[in-house]
Amino acid sequence: MTTQSPLLDAMSIRKRFGGFVALDAVDIAIRPGERVGLIGPNGSGKSTLVNCLSGAISSDTGTIRFDGRAIERLPAHQRTRLGIVRTFQIPLPFTSMTVIGNLTIPLRFAARHHAVGGTTNDVEQALLILEDVGLRDKAHEPSAGLTQVELRKLELARAVAARPKLLIADETMAGLSNSEVDEIILLLFKLNEQGIAIIMIEHIMRAVMAFSQRAIVLVAGKKIADDTTDVVINNAEVVRAYLGE
Amino acid sequence: MRRIPSWIWPVLVALFILALSRVVKNEYYMFAGYVVLQYIVLASAWNILGGYSGYVNFGSAAFFGIGAYGAVVLDKLWQPPLVVAIVFGGIVASLVGLVTAYLTLRLRGVFFAIATLALAIVLQTLVMNWDFVGGPLGYYSVRPDSIAGFPSYVNYLFVIMLGLALIAVLVARAIELSFIGRGLAAIRDNELAAECCGVPTLRLKVFATMVSGGLMGMAGAPFPYYITYLDPNSAFSLAYGINSIAMPLIGGMTHWIGPVIGAVLLAVIQQVATVTISSELNLMIVGVLLISFITLAPNGIVGLFERYRQKRQRRLST
């Protein structure tokens with residue numbers, strides 16, 4: 001571990017839904033530019049953690065610092081503007097808009113003050129991003145007509161348009177074919193090379209192993225492991241949680 | 001040559017109608033036209049919240065009634081010029097919009113609609129029990145015989161409402177084309193995704209509710225002078241709520257011209273039915289038209305037109 005100060009530093013995050021404890025004092029820290037896998041069985045609290053970090057729901061207790069600022073009280077759109085951007089497990093495109101129209105929303109509302117690529121023109125920036133994810137030739141088609149893998153790419157492109165420092169990719173590959181999974185992994189590597197730290201939430205272990213430098217394991221709302229991927233995969237507790245006794 | 005900006009068309013149409021109102025002698029046309037114009041304001045205002053952001057407001061009557069009774073209060077106190085009453089009605093209605101927004105915008109879908117419907121009923125009950133403005137007995141407003149520069153008082157009211165309709169259409173158009181309109185459209189498509197794309201959803205919704213309510217309040221302010229006898233039942237009539245939803249729906253909700261088309265169509269039919277058959281039929285006409293449009297043309301007349309244009313473009317390109 002380096003001594004570099006973390007980009008995201010969340011401490012003892014708790015979230016209860018009625019009598020059910022979804023998150024029980026979870027700590028998570030991400031360094032700038034890092035690639036982290038967040039894994040765990042269904043119902044272990046991964047999505048709840050994503051929601052708490054991105055501001056879709058607020059945590060009951062705990063502190064979240066991002067880029068040196070306390071953000072646990074900020075609404076989701078302000079966290080997006082600061083640079084925590086998430087994608088959704090089930091793609092949520094703006095269906096009344098074209099593909100490029102989807103991107104102009106974060107470009108206009110989140111990324112206004114940090115234009116990239118030497119252009120401040122929303123359309124040009126959107127086209128550059130679509131080029132990156134391979135949707136350039138679909139730019140002016142209605143987003144409602146995209147295929148499943150294209151929707152995942154649009155979801156990522158829209159997140160990139162918000163100019164994230166930390167991208168939380170919530171099961172971007174669920175339901176995709178092997179070759180499509182590879183495509184998305186390559187895409188995430190490309191984004192990471194641009195300096196974006198990425199948390200990948202995924203059930204496809206192959207993808208997690210190929211992509212992440214570090215893995216965090218949640219089981220029943222508790223963090224049970226947080227180490228390099230090879231160490232985590234051999235951790236007795238993790239094996240037990242996944243495979244049973 | 002520079003392209004003619006499209007806001008010029010509503011202005012030209014308004015000027016043309018203004019010129020017509022100087023020529024037409026029959027006062028009935030002013031009287032009926034006033035109602036059509038009033039519905040252009042209500043439908044355009046409703047569409048700013050309901051059409052652009054997808055929050056269905058069933059309580060247009062509440063904001064309209066606030067404007068009307070705001071004018072009554074001023075009339076009892078010091079009888080200011082009508083323009084003052086309009087500004088007053090707009091401000092009070094948009095403040096009520098602000099409070100309503102904070103109380104109800106956490107509700108979605110049908111729950112928001114019910115909450116706004118309740119607002120109209122609560123306000124009607126309050127006014128019913130407020131003796132200063134006449135309570136259930138209503139209020140007779142004495143209107144001046146004439147206004148300098150206008151052939152008659154009804155003509156004056158008509159011109160005022162024409163001005164308000166123009167303002168409402170231009171405001172709706174400006175919002176639609178601005179980044180606020182883009183943000184509202186994102187909210188309509190998916191509010192959670194919009195928020196996570198950096199759209200300040202709550203602030204935009206509150207803004208839309210205030211502008212929408214304010215315009216409705218302005219439309220209500222001249223109403224006591226128009227009908228001369230105002231009672232709570234006519235000021236808070238459910239017909240306003242239903243018509244201001246039906247008109248954008250029939251005309252098309254994604255373009256500012258939609259509510260205008262819907263308002264002209266529906267209000268003219270209603271006016272004709274009122275004089276030829278009976279005003280009892282009005283709500284039934286709305287119902288029949290609504291059902292046919294929802295089943296046959298869910299995107300309204302504007303939607304039909306756009307589908308036709310796309311088809312033709314595709315044919316031309318192949």
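**View 1. Strand E6 (84-86) and helix H5 (148-161) of chain A each contribute at least two residues to the lining of the second largest cavity.** Helices (H or I, at least four residues) and strands (E, at least two) are DSSP runs, numbered from the N terminus. The model is predicted: local features need pLDDT of at least 70, side-chain atom pairs count only at pLDDT 80 or more, and totals for chains, interfaces and linings use all residues. Residues are numbered from 1 along each chain as its sequence is written, chains are lettered from A in the order in which they are written, and side-chain values use heavy atoms, with hydrogens and water left out. H5(A) gives the most to this lining, with three residues. The lining consists of A:Val85, A:Arg86, A:Thr87, A:Phe88, A:Glu155, A:Arg158, A:Ala159, B:Cys196 and B:Cys197. By class, five of these residues are nonpolar, one is polar and three are charged. The volume of the second largest cavity is about 60 Å³.

**View 2. The largest cavity has a volume of about 70 Å³.** A cavity is a set of points on a 1 Å grid over the protein atoms alone where a 1.4 Å probe fits but cannot get out, and its lining residues have an atom within 4 Å of a point. Grid points are joined across faces, edges and corners, and a volume is the space filled by probe spheres set on the points. Among the residues that line the largest cavity are B:Asn57, B:Phe63, B:Thr104, B:Phe112 and B:Ser212. Helix H4 (82-104), helix H5 (109-128) and H9 of chain B each supply at least two lining residues. The lining comprises four nonpolar, seven polar and no charged residues.

**View 3. At the interface, 19 residues of chain B are in contact (heavy atoms within 4.5 Å) with 22 residues of chain A.** The area buried between the chains is about 1700 Å², of which carbon and sulfur atoms give 65%; buried area is the accessible area (1.4 Å probe) that two parts lose on being put together, summed over both. In chain B, B:Arg182, B:Cys196 and B:Cys197 lose the most area to chain A, together 33% of what that side buries. Helix H7 (179-189), helix H8 (191-196) and helix H9 (201-220) of chain B each give two or more residues to the side that touches chain A. H7(B) gives the most, with seven residues.

Key
On a 1 Å grid over the protein atoms alone, a cavity is a set of points where a 1.4 Å probe fits but cannot get out, and a pocket is an open set with protein on both sides within 12 Å along at least five of seven lines; lining residues have an atom within 4 Å of a point. Ala, Val, Leu, Ile, Met, Phe, Trp, Tyr, Cys and Pro count as nonpolar, Asp, Glu, Lys and Arg as charged, and the others, Gly among them, as polar.
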